[in-house]
Structure formats: C-alpha cells, structure tokens
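Good morning, colleagues. Please look at the sequence and the structure as I put them on the screen, and we shall go through the packing and the pocket together.

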Amino acid sequence: APPISTVPPQMVHPGTDGEVYGLAVDANDKTIIVGRFYSYDLSGRNCIVRINTDGSLDTSFNPGTGVDPFDSSIQAVALTSSNQVVIGGDFVSYNGTQRNSIARLNSDGSLDFTFDPGAGANGPVYALIAQSDGKVLIGGDFTSFNGTTRNYIARLNADGSLDTTFDPQNNLNAPVYTMAAEGSTQIAIGGDFTSVGGVAGQDHVARILGDGSVDTTFDPGGGANGTVYGLARQTDGKIVIGGEFSVVNGQNLNRLA
C-alpha cells in the first residue's frame, strides 16, 4: 500500500501568502495572478506569478525579484494579442529596473525593454486594457504620464510612450478604478469621480470615446451615489457595475446594477 501522506489536503497548494488583486488567463489556459504577496506555494514570487491549469507553480515564468510587496503592489494585469503581460499598480521598479506604475513583460516573466514608459505615471494604476493594436489604456490615481498632464486616464502607444491622439482634456476629477472597452471606440469607466468633462449626471460611471472625449450618448442619469470598483460589458452592450453604492439614477440598487 502507498504511504499515507502527512500533508493536509488544503496545504498541497497553499497559494499566495497575501492579497490577490487581478487575474488574467493566457492562450494556454495558464493564469497570471497579481497582487501583494511574497510567495506562491511556498516559492518566492513577488506580487506576480503564473500557475498551471492544475494550480501548480509555472516555473517557466520567472519575474526575478518582481515588485517589492513591502511597499508596493500590482493592481491590474492584461494580456496582449502576442501573449505579453501588461501590469499596472503602485510600484517604482520591476526586477530592479525603474518602471513607475506600468510595465510590459515577456511571456517568460522578464521585463520587455521595448516598452518604455519613461517616467511613467505619477500615481497608482488600478485598471488597464491591452488593445488589439498594441496600445494600452490605463486608469488610476495619477495626474500626469511621463511629465504630461493626464488626469486619471491615459492611453499609451505600443512602445510605452504617451498616445497624444487620446486626450481626455482633464475631464475627470477623481480616480478611475475599472474600465471596459468596445474595440478602441468606446470605453466605459467607473471610479470615484463626480465630474466628467463638465457633463452632469456622470457620477462614478461614464463612457468616453476613442479620442478621450466624453460620450454624451451614454447617460446614466444621476449615476451612482458611491464608488464603482468593478465594471463589465455584456455582449448586448449593456454595462454591469459593482461597488460601494446604494442608489443608481434614483433607484435603490445596493452595490450591483
């Protein structure tokens, strides 16, 4: 008879030793996990790890020292069409190289040096979308990107530089926590903002166009009466929001609408 294991079943894959803030599944059904943690399954992995379909550590994805979880975190992750990994968060370096709040990684976990954001964002990135054309939308609690004013939302070119064709013209007055896009022409956003380009009734949820301007055809009425932390777009174009609110456009809707 085989020996009896002394390891409790729940400890076979103990997982991370800290918070998980984001997930992304790649073309091989492996899962990228980001957050604020030091290890996965007792192996050192700072804030980012890739796991196999059975939950075991994928050792072929090696982030090196990654992001220091002592005073930093990775808040968001997205995959490009070529299976590269874009990360955003509250960090100043990745594996020893300066990267302020945004970076792109190769499929093996190493830093992609062809994506250079310069000084990057001057605050945390909480949400991001990797577009099919290689550009990256970012939202968060920042007011500039590489020295250019961009309040809480920006779009980057495939090389990491600021895409100046996307100009929100300082439309937002508070952080963006979540985004969902339909191609590159419409971007739904949620967060802590109460003003979007001076358009009334856009509290905490709004939609902007591919050039960064406000989409005035999207009218949520009075919006939500509290912060929107999560947002998803249905196939019929409707938008589901979740967060810390109890009223949406005058209707009692607790935390989900």
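Leu172, beyond its neighbours within four places in sequence, is in contact with Asn151, Tyr152, Ile153, Ile189, Phe193, Ser195 and Val196 in this predicted model. Leu172 belongs to the largest nonpolar core, which has 17 residues. Leu172 is also among the residues with the most contacts inside that core, together with Ile153, Val176, Met179, Ile187, Ile189 and Phe193. Two or more residues of this core come from each of E11, E16, strand E17 (186-191) and strand E18 (205-209). There is a second, separate core of 16 residues, and Val34, Phe61, Ile74 and Ile87 are included in it.

I turn now to the largest pocket. Its volume is about 260 Å³. Which elements give two or more residues to its lining? They are strand E1 (19-25), strand E6 (73-79), strand E11 (125-130) and strand E16 (176-182). The lining has 17 residues, and those nearest the centre of the pocket are Ala76, Val77, Ala78, Leu128 and Ile129.

Finally, the chain as a whole. The protein chain has 22 strands and zero helices. Its radius of gyration is 19 Å, close to the 18 Å given by the globule rule for 257 residues, so the chain is as compact as a globular protein of that length. Along the principal axes, the C-alpha atoms fill a box of roughly 70 × 45 × 35 Å. Of the 257 residues, 48% are buried. Of the contacts between residues at least 6 apart in sequence, 35% join residues at least 24 apart.

Definitions and conventions
Residues are numbered from 1 along each chain as its sequence is written. This is a predicted model: local features need pLDDT of at least 70, side-chain atom pairs count only at pLDDT 80 or more; totals for chains, interfaces and linings use all residues. Side-chain values use heavy atoms; hydrogens and water are left out. On a 1 Å grid over the protein atoms alone, a cavity is a set of points where a 1.4 Å probe fits but cannot get out, and a pocket is an open set with protein on both sides within 12 Å along at least five of seven lines; lining residues have an atom within 4 Å of a point. Grid points are joined across faces, edges and corners, and a volume is the space filled by probe spheres set on the points. Helices (H or I, at least four residues) and strands (E, at least two) are DSSP runs, numbered from the N terminus. A nonpolar core is a set of buried Ala, Val, Leu, Ile, Met, Phe, Trp, Tyr and Cys residues joined through side-chain atoms within 4.5 Å. Buried means under 20% relative accessible area, exposed over 50%, partly exposed in between (1.4 Å probe, protein chains only). Contact means heavy atoms within 4.5 Å. The radius of gyration is taken over C-alpha atoms; the globule rule is 2.2 Å times the number of residues to the power 0.38.
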